[in-house]
Amino acid sequence: MPFLLNEKIRNLTPYDPIQGEYRIRLDANESFLQPDAALQTEIAGIAAGIPLNRYPDPYAQALCNGFAAFYGVDPAHVTAGNGTDELLSLLVQSFLQKGDTLLSFMPDFSMYRFYGALSEVRLLTLEKTAQEQIDADAAIVAAKERQVRMILFSNPCNPTSLLTARETVLRFVRETETLVVADEAYMDFADQSVLDCAAQYDNLIVLRTCSKAIGLAGVRLGFAVANPVLTKALRAAKSPYNVNVLSQAIGAAVFARVDLLRQGIVQIRASRDRLLNGLREMETQFPQYLQIIGGEANFVFCKLHRAQDCFRFLMGKGIIVRCFGEHLRITAGKPEENEEFVQSLREFLNAIVTLETAG
Ligand SMILES: *Cc1c(COP(=O)(O)O)cnc(C)c1O
């Protein structure tokens with residue numbers, strides 16, 4: 001008998017980000033800022049001094065202290081991961097058992113359902129409202145009636161770039177007996193965080209990442225903030241040396257540069273606002289073709305007539321964005337990158353209008 005893969009992984013395909021050389025990458029919601037020269041030198045010095053033959057600190061204490069100081073939380077409530085992705089996988093794997101129900105929403109970050117399926121949990125997915133918002137009442141009813149064990153969502157949402165109000169998140173926490181996991185990967189760009197509440201509830205975990213506002217996507221650092229009971233369980237369930245020694249040291253050094261980080265976040269928000277303004281102009285000019293949905297994170301989500309064609313048109317010009325069916329998700333880039341994107345979009349829309357009014 002030949003070896004056969006089991007059912008749950010047989011039809012999986014490896015994650016396939018857009019690869020290749022493109023001049024302008026506005027597809028992955030990364031920061032467009034590079035560490036400055038001083039920080040680069042500092043990192044090189046730190047790297048040179050690390051004993052690579054030794055295992056890292058299993059609890060990444062210096063890194064967690066830096067994170068905790070930057071965000072004003074207690075380091076005893078922080079668990080570091082090899083990217084938020086590792087923590088998501090761990091949470092679904094360890095805090096849910098086979099047969100438990102995981103509630104997520106559509107549209108939202110695709111990895112939630114992916115990890116749920118791998119863990120063989122029941123996936124309950126609620127559609128969002130016509131305005132792409134979570135229907136809080138429906139979610140609470142579903143959580144109770146279906147004995148949901150975990151509610152998992154991103155806030156602000158990837159891909160819609162819309163916020164869920166802090167009060168709504170806290171309603172989930174207070175009005176259900178479900179573990180609420182708020183993935184705040186983009187909350188540095190918005191103001192509805194529940195991070196300050198994580199310690200006071202027994203059913204709330206807040207996830208943060210260094211991949212977006214902090215500008216360290218390549219370093220792979222994510223964090224879970226929760227009360228001591230949940231934190232202890234997370235630390236116990238993770239693999240012992242999950243965050244490597246270089247990432248720990250780089251993260252700790254970067255969190256010590258508070259001014260640089262704050263300034264970076266201001267710059268990214270300003271870039272997002274410029275991108276949003278450019279798109280609003282297009283929306284006014286081409287209202288039947290383009291509708292902006294959200295711009296609360298470091299990217300803008302919009303509905304676009306012939307989105308797929310536009311995606312290919314942009315790609316031909318060396319500009320990469322993400323296309324989801326009839327929608328485009330555009331990461332805020334450098335000022336000149338945003339500008340070139342908006343100009344190319346204008347070109348595309350003008351061409352489409354000409355084509356469709358002639359035909
Ligand atoms: C980018 C992103 C993350 C971050 O994942 P990392 O593994 O930390 O890079 C988490 N959640 C959402 C919704 C994201 O878009």
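Which backbone oxygen does the side chain of Thr 176 reach? I shall answer that after a word on the basis of the model.

This is a predicted model, in which local features need pLDDT of at least 70, side-chain atom pairs count only at pLDDT 80 or more, and totals for chains, interfaces and linings use all residues. Residues are numbered from 1 along each chain as its sequence is written, and side-chain values use heavy atoms, with hydrogens and water left out.

The answer is Phe 172: the side chain of Thr 176 reaches its backbone oxygen at 2.6 Å. That side chain also reaches the backbone nitrogen of Thr 178, at 3.2 Å. A polar contact here is a pair of N or O atoms within 3.5 Å; within protein, one must be able to donate a hydrogen and the other to accept it, and residues adjacent in sequence count only if both atoms are side-chain atoms. Thr 176 lies in the loop between helix 7 (166-175) and strand 6 (179-183); helices (H or I, at least four residues) and strands (E, at least two) are DSSP runs, numbered from the N terminus. Thr 176 counts as buried because its relative accessibility is 7%, where buried means under 20% relative accessible area, exposed over 50% and partly exposed in between, with a 1.4 Å probe and protein chains only. Leaving aside residues up to four places away in sequence, Thr 176 touches Ile 140, Ala 143, Arg 171 and Asn 203, contact meaning heavy atoms within 4.5 Å.

Strand 6 and strand 7 run parallel and are joined by 4 bridges, with Val 180 opposite Leu 204 in strand 7.

Next, helix 3 (residues 61-71). Its buried residues include Leu 63, Phe 67 and Tyr 71. The buried residues of helix 3 pack against strand 2 (78-81), strand 7 (204-209), strand 8 (222-225), helix 9 (245-255) and helix 10 (258-285). Just after helix 3, Gly 72 takes a positive phi of about 70°.

Finally, a pair of helices. Leu 90, Leu 91, Ser 94 and Phe 95 in helix 4 meet Leu 230, Ala 233, Leu 234 and Ala 237 in helix 8.

Technical notes
Pairing = 2+ DSSP bridges.
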